[in-house]
Amino acid sequence: MPSTHRVVILGGGFGGLYASKALKKAPVELTLLDRRNFHLFQPLLYQVATGSLSPGEIASPLRAVLRGQQNTQVLLGEAIDLDAEHHKVILDSGSLDYDTLVVATGSSDSYFGHDDWQRIAPGLKSIEEATEIRHKILYAFEAAEKEHDPQMRREWLTFVLVGGGATGVELAGALGEIAHDTLRRDFRSIRPQEAVILLVEGSPRVLPSYPPDLSAKAEASLARLGVTVQTNAFVTGLDPNGVTIKTSTGSERVAARTVIWSAGVQASPFGRVLQQRAGAQLDKSGRVLVNPDCRVPGHAEIFVIGDLAHLEQDGKPLPGVAQVAMQQGAYIAKLIQKQLRDETLPPFRYFDKGNLAVIGRAAAVAQIGPLHISGFLAWITWVFVHLMYLVEFSNRILVFVHWGFLYLTFNRGARLITGGEEVGMEEAAKAAK
């Protein structure tokens, strides 16, 4: 094929970025399109949400990351439609022609049919959501400090986290540290360590994708940080003043001013576009069912990778984690280059490097093959794995310094309440009701 083979990649997340970098020396014209001008390291978003890191320390401008690739153009925009017959992606302004299309548009939070809950209980998929959560957490303590009514003060100091996966567990652990250590001496009218932190999980245990022994250790670590875990529990109602939780014994109302959502994900809307324009089949979560080589059935020129792809291995769908997207991105980049030489590759095979979740200072759980580790050793492993996968070297240094300082002092330097004066006024108005 000619060297002008056009590759268009939609999405600058883990899958799209790793595919782009792997095509650095390929004889193609590569275009990477994303709605944002940066790559976001989502596994550390919870640290922005809890004031440990600033947004710029976990995000890298795509143009800076790919500036050395002469065959690559980065465009800011959104793909809204597809002309599969004529190999054209329709953008919010203009269009892009392609010979090979790689769709890596990721996922968003799922509220299981209650999208109105998003306004009250933000998820954690973007920098904006992370800073909104940071605002809600820190403002709750400030509002409690000013509140004289004991009941209202308890509501401000009650935090509910919905979803006991890795994100929920990590958020709950960090919030426990904030209440018991970071803010312990900062207030005069309240004792932050008396905050009620409730983690609600619908499964029988937290971290349901982890082995039971690691789930138990994670729950024990959360308990040491003052987090109450409620399993086999489901949120059935949610409003600005609290949540309704259903368990096997009935329903109960929890008065809480701060609710954070991490209970589920749904595929990006571009899956529906592929269904309508390319005949792709979707699973119940909206993910595209792909062939073993990550292609859309019937369209050898279209690949789908990352959270948007449904690919089964050993009878089970691959998890929606960063490692899957990274490995798929590298795989399809190699496959595209092989294809240009009229060669082939075996089907994609995911190599599971393990699972890591941090619960707090020097506390984590890790599954690496048959090895199950917890405590300080798992925490050190988590630290260096996450540092290694940060895209820019400067960010690795900054994050490492911040983590060292946090470990020694419990001080979270990014404890900033942002979001505009009107947000604070809205919270104050709610408190007065």
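Biologist: What makes Asp99 buried, exposed or partly exposed?
Modeller: Its relative accessible area is 25%. Buried means under 20% and exposed means over 50%, with partly exposed in between. Asp99, at 25%, therefore counts as partly exposed. Keep in mind that this is a predicted model.

Biologist: And how do you know which class Arg6 belongs to?
Modeller: The relative accessible area of Arg6 is 31%. That value lies between 20% and 50%, so Arg6 is partly exposed too.

Biologist: Why is the contact between Arg6 and Asp99 called a salt bridge?
Modeller: The N to O distance between the two side chains is 3.2 Å. The cut-off is 4 Å, from a side-chain nitrogen of Lys or Arg to a carboxyl oxygen of Asp or Glu. At 3.2 Å the pair falls within the cut-off, so the name applies.

Biologist: How many salt bridges does the whole structure hold?
Modeller: The search finds 13. Side chains of opposite charge can pair when their charged atoms come close.

Biologist: What makes Arg35 and Glu78 a salt bridge?
Modeller: Their side chains meet at 4.0 Å, N to O. The limit is within 4 Å, so the pair is counted. Arg35 is in the loop between strands S2 and S3, and Glu78 is in the loop between strands S5 and S6, 43 residues apart.

Biologist: Why is Arg35 put in its accessibility class, and Glu78 in its own?
Modeller: Arg35 has a relative accessible area of 58%, which is over 50%, so Arg35 is exposed. Glu78 stands at 32%, between 20% and 50%, so Glu78 is partly exposed.

Biologist: What joins Arg257 and Glu155?
Modeller: A salt bridge of 3.2 Å, N to O. Arg257 is in the loop between strands S16 and S17, while Glu155 is in helix H5, 102 residues apart. Both Arg257 and Glu155 are buried. Elsewhere, salt bridges with shared partners join Lys338, Arg341 and Glu343 into one network.

Biologist: Why is Leu311 called buried?
Modeller: Its relative accessible area is 7%. Buried means under 20%, so Leu311 qualifies. Leu311 sits in the loop between strands S22 and S23. Beyond neighbours within four places in sequence, its contacts include Val290, Pro292, Gln328 and Phe348.

Biologist: Which residues make the patch, and which helix gives the most?
Modeller: Phe384, Phe393, Ile397, Phe400 and Val401 make about 540 Å² of nonpolar surface. Helix H11, residues 393–409, gives the most, with four residues.

Biologist: What is the geometry where helices H1 and H9 meet?
Modeller: Their axes come within 7 Å and cross at roughly 35°. The crossing is right-handed. Among the contact residues are Phe14, Gly15 and Tyr18 of H1, and Ala325, Met326 and Gly329 of H9.

Conventions
Residues are numbered from 1 along each chain as its sequence is written. This is a predicted model: local features need pLDDT of at least 70, side-chain atom pairs count only at pLDDT 80 or more; totals for chains, interfaces and linings use all residues. Side-chain values use heavy atoms; hydrogens and water are left out. Patches are made of residues with over 30% relative accessible area and no salt bridge: like charges are joined within 9 Å, nonpolar side chains (Val, Leu, Ile, Met, Phe, Trp, Tyr) within 5 Å. Accessible areas come from the Shrake-Rupley method with a 1.4 Å probe; for residues, only the protein chains shown count as cover. Helices (H or I, at least four residues) and strands (E, at least two) are DSSP runs, numbered from the N terminus. Axes are lines fitted to C-alpha atoms, for helices over the stretch in contact, and angles run from 0 to 180 degrees between N-to-C directions. A crossing is left-handed if the near helix is turned anticlockwise from the far one by less than a right angle, and right-handed if clockwise. Contact means heavy atoms within 4.5 Å. Buried means under 20% relative accessible area, exposed over 50%, partly exposed in between (1.4 Å probe, protein chains only).
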